[in-house]
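Hi everyone, thanks for coming.

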Protein chains: 2
Amino acid sequence: MLFIVGLGLGSPDDITLRGLNALKTCSRIFLETYTSLMTELDLDDGTSGKLHLAKTLNLDESSIVLADRTMMEQTCERDILSHAFENNIAILVVGDPFAATTHHDMILRAREKGIKVEVIHNASILTAVGATGLQLYRFGETVSLCFWTDTWKPTSAFEKVMKNFEAGLHTLCLLDIKVKEQTVENMMRGNKIFEPPRFMTAHEAASQICESIEILNESEENACDLTPSSICVAVARLGSKDQIIKCCSLADMCNADVGRPLHSLIIPANLHELEQEYLYFFKAQIK
Amino acid sequence: MLFIVGLGLGSPDDITLRGLNALKTCSRIFLETYTSLMTELDLDDGTSGKLHLAKTLNLDESSIVLADRTMMEQTCERDILSHAFENNIAILVVGDPFAATTHHDMILRAREKGIKVEVIHNASILTAVGATGLQLYRFGETVSLCFWTDTWKPTSAFEKVMKNFEAGLHTLCLLDIKVKEQTVENMMRGNKIFEPPRFMTAHEAASQICESIEILNESEENACDLTPSSICVAVARLGSKDQIIKCCSLADMCNADVGRPLHSLIIPANLHELEQEYLYFFKAQIK
């Protein structure tokens, strides 16, 4: 049997009782490390998270295996699912298991093989952003901002932000995470050398959005109502003891520091009265 | 100090370790009973949920107080917040604490009084609907369907469904819950007599949507692409052991029975390939 267990916002004690009870029946636990990471830790490839998890939840450390993107997407049948016929196994996922397509794909493969699957839900950034005071039902489509390069600066995500904004809906921007990435050179040579992990910050995201506004304003037909003076809200390490919520203009956010990852950025549409009152509290909050 | 603790999808063991640890420091625990209810129980005013919760989590039953709408919105300062100056107290909320405006309002009032607030997040129906295979980032604005009466049949919620549909976005419809409602007569006379609880079912929601389609099609300018043959997805008791996910046409859903509350209904937009493959599984699932 395969359990897919949400770990919530990333601290070991964010797990649910049901989730913990399931883990205790498992001979192997795969800690998925590429769609998100546990936030109360030094951010590495997941090793420190694994140790912290084993210690806090009193689990056998040797039963926990880090599952990177390759294992989750390419070798999962051999490395993960093959163990689920004889024993219970679990895949532990930061957030709710269904926030990423990867886990749907895993469930489909398990079902094809006749493996029973049980999903144990948990908190996700997608709803925890309610902590900003912005009403969840007023959020439009969620977008993912990816790292730009010197020659590749897509504005498609920002166009969705504009579309939401014009429809009076807030946008949650999830920010890029690069863990175990290889340079093209190392990939071509087959060198298993990985770049240091990178996590997009709220100020990098705000800069990218300001630049997108500029690019789109150059073509008149796309001129948009969002400007660098529009407000935005950064959330950092949401749900952890040292979470920060900061509300300021996009221009000011370009120079803001909200501390360690993980960050997200919200572009609110026009605010209702209660939202305004609630957000005002975070205007005063300075790190 | 005030903890606002999410209870997740409604079974006592859906609570997080952090949430349980917080409850253990509290002299009073208010179980909020009007924005949602624990699903693994007989559905009453919350009493059976309270007993089940106390037993499963080994909490002192006499420390748990049911908090209905009146207490949460009108008498909260006297009945709830006044206890938070000297002691730790908690408000327990099914789902994530921020899914409803009520809890934002409570936090604002607490802050005004200088009471420290800590929020402990949990799973919410808003993300758990990922269990259907529909991608969460493809959901548009969430809508709430309320019970119609013979003379009051608003189509405003359905108009939002159409707007999402036309923009290629799925819609999650949350269905009305009526707990401790009074008839107008009893209210006028000041009789504290409450009607039996009512929970809108997926088939009632589907009927309401089919009727909305008819009403809007009568005025040509609002003719919509959704028809009674469009597919919809019902989720019942999501996250519990006996959850049901059912996918069929709106017309067929009008006659479907997915069992006990709570239900939600999703109107998907055009499906991606993986979504289609995943949903197909639930077409076969019959109660």
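Let's start at Asn88(A), which sits in the loop between helix H4 (76-79) and strand E4 (89-93) of chain A. Helices here are DSSP runs of H or I with at least four residues, strands are runs of E with at least two, and both are numbered from the N terminus.

A quick word on what you're looking at. This is a predicted model, in which local features need pLDDT of at least 70 and side-chain atom pairs count only at pLDDT 80 or more, while totals for chains, interfaces and linings use all residues. Residues are numbered from 1 along each chain as its sequence is written, and chains are lettered from A and ligands numbered from 1 in the order in which they are written. Chain A averages a pLDDT of 90, with 95% of the residues scoring at least 70; pLDDT is the predictor's confidence in each residue, from 0 to 100. For the complex, the predictor gives an ipTM of 0.89 and a pTM of 0.90.

Now chain A as a whole. Its secondary structure comes to eleven helices and twelve strands. The radius of gyration of chain A is 20 Å, close to the 19 Å from the globule rule for 287 residues, so chain A is as compact as a globular protein of that length. That radius is taken over C-alpha atoms, and the rule is 2.2 Å times the number of residues to the power 0.38. Of those 287 residues, 46% count as buried.

On to the two chains together: 43 residues of chain B are in contact with 43 residues of chain A. H5(B) gives the most to the side of chain B that touches chain A, with five residues.

The axes of H5 (residues 101-112) of chain A and H11 (residues 273-283) of chain B come within 11 Å and cross at roughly 45°. That makes the pair oblique, the class left over once angles under 35 degrees (roughly parallel), over 145 (roughly antiparallel) and 65 to 115 (roughly perpendicular) are taken out. Axes are lines fitted to C-alpha atoms, for helices over the stretch in contact, and angles run from 0 to 180 degrees between N-to-C directions. Residues making the contact include Leu108(A) and Phe281(B).

Finally, some backbone details. Most residues other than glycine have a negative phi, and most peptide bonds are trans. Asn58(A) has a positive phi of about 60° although it is not a glycine, and it counts as exposed, with 8 C-beta neighbours inside 10 Å. The peptide bond from Pro261(A) to Leu262(A) is cis, with omega near -5°.

Methods:
A residue is buried if 20 or more other C-beta atoms lie within 10 Å of its own, exposed if 12 or fewer, and partly exposed in between; C-beta atoms are placed from the backbone. Two residues are in contact if their C-beta atoms, placed from the backbone, lie within 7 Å.
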